[in-house]
Amino acid sequence: VMTTREHNSTGPTVAIEICRGWVHMVRVERARHDDTLHFRTRSVRWSQDTETLYSERSARELSAALETLATEEKLAGATVDVALNGDHCVTRVVSGAADHVQSELASLERRSGAYVSLGPGAKSLATSIRSLDARHQHALLIVANGKTLDALAEAAAAGLKIRLVEPMLVALCRLVNHACFDTDAPALVINLGESGVELGISHQGNLLLDYRLGRRFGPAEVAGVVLRHLARLRRYCTRYHGCPSDRLQRVFLCGDPKPVRSAIDGFGGQDELTVDVLDPTSIDASWHFPDADCPSRLGGALGT
């Protein structure tokens, strides 16, 4: 969580995912007569020039897109939660003895200014620490470019009440856990975005690892990369989180249909992993999406 505001429980629940060139919104309203949840969704292209993501112009364009959403979706005064995909934040995960976690966090914070993928300028940092037992902790360090948070602040000035900002992979882990896909064993969660591939390991709703493949690999190459690193990923789950090495067996893909299909085809012919699309419409029978044209790319906003 990188910024908080008081939650307004009387209004709609709204979440926004900010990607490299798109903003995805999910607005949730509960039916009056039962527990059905109705999800209104909308995607807005906020930038055509995704190569200069952290220019002053891009910050203005992002602010304008958020203000447009606030106006056209009548979100003035609504509490909004925000997910940032890997183009806008870097997440580092540390687990182990408490003194080791604190030392690693301090070291990561000192090096945070070197994340060139986040563009020039000041960086903003936040940490989240969870106790595993009396002596061990699990921590996340999140780093974002200050210009991104400035754009959110401008949107807040237009009437949005920003409650939290979090990494998209954290949100996806929450969504996977809501479906009980990672309750008994860890699962791989792979987001196929505009500018690369983000891979996470989720267990009981917690992000255990954030691994960035970046632009070097296309969707069709994802399977080969995952299978080459599978033994190491399984050892990581065992060493730091006590999961048996053979329990990492499921993969969930999300993103636009074309790259998702390409990635699925790449996993064909192997028997190490079971691969599925993370389809929000099949996760919960009480969720209804009357206007979502591509629910699998809304995973970040839905998880948030």
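Predicted model: local features only at pLDDT ≥ 70, side-chain atom pairs only at ≥ 80, totals over all residues.
Colleague: Which side chain of opposite charge is nearest to aspartate 182, and how far away is it?
Modeller: Aspartate 182 is buried yet has no salt bridge.

Colleague: Which backbone nitrogens lie 2.9 Å and 2.8 Å from a polar atom of the side chain of aspartate 182?
Modeller: Leaving aside neighbours within four places in sequence, aspartate 182 is in contact with residues including Cys173, Ala187, Ser202 and His203. Its side chain has a polar atom 2.9 Å from the backbone nitrogen of glutamine 204, and the backbone nitrogen at 2.8 Å is that of glycine 205.

Colleague: How many residues apart in sequence are the parts that the pair of phenylalanine 181 and phenylalanine 252 ties together?
Modeller: The search of the whole structure finds 3 aromatic pairs, and the one formed by phenylalanine 181 and phenylalanine 252 is stacked, at 4.6 Å centre to centre with 15 degrees between the planes. Phenylalanine 181 lies in the loop between helix 4 and strand 9 and phenylalanine 252 in strand 12 (residues 250–255), so the parts tied together are apart in sequence by 71 residues.

Colleague: What is the relative accessible area of phenylalanine 252?
Modeller: Phenylalanine 181 counts as partly exposed, at 27% relative accessibility. Phenylalanine 252, by contrast, is buried, with a relative accessible area of 1%.

Note on methods
Residues numbered from 1 in each chain as written. Heavy atoms only, no water. Buried < 20%, exposed > 50% of the residue type's maximum accessible area, 1.4 Å probe, protein only. Lys, Arg positive; Asp, Glu negative; His and termini not counted. Salt bridge = Lys/Arg side-chain N within 4 Å of Asp/Glu carboxyl O. Polar contact = N/O pair within 3.5 Å; in protein donor to acceptor, adjacent residues only side chain to side chain. Contact = heavy atoms within 4.5 Å. Phe/Tyr/Trp six-rings, centres within 6.5 Å; stacked < 30°, edge-to-face > 60°. Helix = DSSP H or I, 4+ residues; strand = E, 2+ residues; numbered from the N terminus.
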